[in-house]
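Welcome! Here are a few exercises to work through with the model on your screen. Try each task yourself before you read the solution.

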Amino acid sequence: MSNRTKLMLLSVAALAAIGAYLLYGLNSSYEYALPRRGMKALAMILTGVAIAYSTVVFQTITHNKILTPSIMGLDSLYMLLQTVLIFFLGSGHYLIVNKNANFFLSIVAMIVFALLLYQLMFKGSKQPIYFLLLIGIILGTFFQSISSFLQVLIDPNEFLSVQDKMFASFNNISSDLVWVSGGVIVLVLIYGWRQMAELDVVSLGRETSINLGVPYDKVVRRMLVLSSILIAVSTALVGPITFFGLIVANLSYQMFKTYRHGILIAGAGIISIIALVGGQWLVERIFTFSTTLSVIVNFIGGLYFIYLLLKEAKSS
């Protein structure tokens, strides 16, 4: 089966999942339920595509298929920011209650952190990517430790607000934030899509890329910034989904045996839409909101991550 046929079949499955989520059990409440479901479906599509793109790109520039952009500590920084705000200002503060203000503050904090980290790490170094990953892991662990410490000290009633931020949720998403996030994600994807040919060469390695005329270091920096923006926007919109990108990216690698990033990213994006929309339908209709989508994704993703580690160790 050709890759184009596989993409078409996945697209049909994605449309079927979206149709089932939008139309199942509507009865006569079209005017109320359909717009709300449509906004949630749009948020899931945007989040899934953003995470899929950033993960595939990040794994390409790091030449490692078991890493995700969350290793840079952006998820931990998001949780630290939410914990600090609630700990010092309280859950009733404007920056917590107002979703728009919290959204923009979270995006600015994560993007500024990523840009400062990249600027410091890339200055005067020829190949800083692995050192950058090491610093990202250390900072992420540091942020997570501070968050855990503050969560132990926080008032139990306030901790409930912190707990809501720990897991990704597609319920009660502001339509304004979805449109703003969609605009940012679409612009980044349009710009990033023009770099597909360079990414195909970058996957061959630094020396080969330079010999073929591709400015390897510049492409890596550019792709890191794009990945950070997408992760920041998706995390600020719905919350952290740690292992989701790992799942969809590696499923795309297994399904599409190709080096072309245009196909790999498109496949990962469509798979992510099927997983998020279909998974949310299961959460709402089968599990009746007794669990959250992020818990299911992180559980399956954690098991899949362990499987990849064992597989990598066995092959080496």
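Buried means under 20% relative accessible area, exposed means over 50%, and partly exposed is in between (1.4 Å probe, protein chains only). The model is predicted, so local features need pLDDT of at least 70 and side-chain atom pairs count only at pLDDT 80 or more, while totals for chains, interfaces and linings use all residues. Residues are numbered from 1 along each chain as its sequence is written, and side-chain values use heavy atoms, with hydrogens and water left out.

**Exercise 1. A helix and the residue after it**

Task: Compare the reach of helix α2 with its expected span, then describe histidine 63.

Solution: 
- Step 1. Helices are DSSP runs (H or I, at least four residues), and they are numbered from the N terminus.
- Step 2. Helix α2 covers residues 30-62, which is 33 residues.
- Step 3. The expected span is 1.5 Å times one less than the number of residues.
- Step 4. Just after α2 comes histidine 63, in the loop between α2 and α3 (74-89). Histidine 63 has a positive phi of about 55° although it is not a glycine.
- Step 5. Histidine 63 counts as partly exposed because its relative accessibility is 37%.

**Exercise 2. Salt bridges**

Solution: 
- Step 1. A salt bridge needs a side-chain nitrogen of Lys or Arg within 4 Å of a carboxyl oxygen of Asp or Glu. The structure holds three salt bridges.
- Step 2. One of them joins lysine 40 and glutamate 284 at 2.6 Å, N to O. The pair links helix α2 with helix α13 (residues 261-285), and the two residues are 244 residues apart. Lysine 40 is buried, and so is glutamate 284.
- Step 3. Another joins glutamate 198 and arginine 222 at 3.4 Å, N to O. Glutamate 198 lies in helix α9 (residues 196-202) and arginine 222 in helix α11 (residues 216-238), 24 residues apart. Glutamate 198 is partly exposed at 24% relative accessibility, and arginine 222 is partly exposed at 24%.
- Step 4. Aspartate 217 and arginine 206 also meet in a salt bridge, at 3.0 Å, N to O. This pair links helix α11 with helix α10 (residues 206-211), eleven residues apart. Aspartate 217 counts as partly exposed at 23%, whereas arginine 206 is buried at 15%.

**Exercise 3. Aromatic pairs**

Task: How many aromatic pairs does the structure hold, and which residues does the cluster of ring pairs link?

Solution: 
- Step 1. Rings of Phe, Tyr and Trp (its six-membered ring) pair if their centres lie within 6.5 Å; planes under 30 degrees apart count as stacked, over 60 as edge-to-face and the rest as tilted.
- Step 2. The structure holds five aromatic pairs. Among them is the edge-to-face pair of phenylalanine 103 and phenylalanine 104, with 5.3 Å centre to centre and 80° between the planes.
- Step 3. Phenylalanine 103 is buried at 1% relative accessible area, but phenylalanine 104 is partly exposed at 41%.
- Step 4. The ring centres of phenylalanine 113 and phenylalanine 143 are 5.5 Å apart with planes at 65°, so this pair is edge-to-face. Phenylalanine 113 lies in helix α5 and phenylalanine 143 in helix α6, 30 residues apart.
- Step 5. Phenylalanine 113 is buried, and so is phenylalanine 143.
- Step 6. Ring pairs link Phe113, Phe142 and Phe143 into a cluster.
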